[in-house]
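Hi there,

Here is the structure I promised to pass along. Have a look at it first, and then read on for what turned up.

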Amino acid sequence: MNTHLRFLFFSFFTAALLLPSVTRADRTFYLSPRGNDEASGSRRHPLATLEGALRKARAWRVQGKEGEKVILHLSEGVFPLSHTVQMGIEDNGLVVEGEGYDKTVLTGGVEIQGFREAENGLWALDMQSLMPCGGDIPQ
């Protein structure tokens, strides 16, 4: 067997061994802060929220795709979370990935506005305005 033929055989043999170990998603849903949860979740029509993407991923798996890998790819931007995201056994194999370090942000924080400068270099805020339904603030 000549050298060229041996090289080709070795290359194909090596590729055949490595291909099963290459991780590939069976389905990727894309998210963008400018997306829409009624969209398909494709790269061109991304979803808007992690909750919306989880609903789509779970619905996709119910169609006979249980156990298959799903990636939720979050684009660059800030994704606010209004409540705790709950995942269970049905989300096994789910991967949530962002664009990169410090480019994709999931935050549960709330921006507080309405501070006013008070005396002695301090700042003040009317806490009553932050309470839903005008509730009392525990002391």
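Below is a short tour, from the overall fold to the core.

Please keep in mind that this is a predicted model. The protein has two helices and seven strands, and their order along the sequence is α-β-α-β-β-β-β-β-β. Of its 139 residues, 22% count as buried. The exposed surface comes to about 10,700 Å², with carbon and sulfur atoms supplying 56% of it. If you take the contacts between residues at least 6 apart in sequence, 53% of them join residues at least 24 apart.

The buried residues of α2 include Leu50, Ala53, Leu54, Ala57 and Trp60, along with Glu51 and Arg61. Among the elements that cover the buried residues of this helix are β1 (27–31), β2 (70–74), β4 (94–98) and β5 (104–107). Just after α2, Gly64 takes a positive phi of about 90°.

Next, the largest nonpolar core: it has 13 residues, and Phe29, Leu31, Ala57, Val70, Leu72 and Leu94 have the most contacts inside it. At least two residues come from each of β1, α2 and β2, and α2 gives the largest share, five residues.

Leaving aside residues up to four places away in sequence, Leu31 touches several others, including Pro46, Leu50, Ala53, Leu72, Leu74 and Phe79.

Happy browsing!

How values were computed. Residues are numbered from 1 along each chain as its sequence is written. This is a predicted model: local features need pLDDT of at least 70, side-chain atom pairs count only at pLDDT 80 or more; totals for chains, interfaces and linings use all residues. Side-chain values use heavy atoms; hydrogens and water are left out. Helices (H or I, at least four residues) and strands (E, at least two) are DSSP runs, numbered from the N terminus. Buried means under 20% relative accessible area, exposed over 50%, partly exposed in between (1.4 Å probe, protein chains only). Contact means heavy atoms within 4.5 Å. Accessible areas come from the Shrake-Rupley method with a 1.4 Å probe; for residues, only the protein chains shown count as cover. A nonpolar core is a set of buried Ala, Val, Leu, Ile, Met, Phe, Trp, Tyr and Cys residues joined through side-chain atoms within 4.5 Å.
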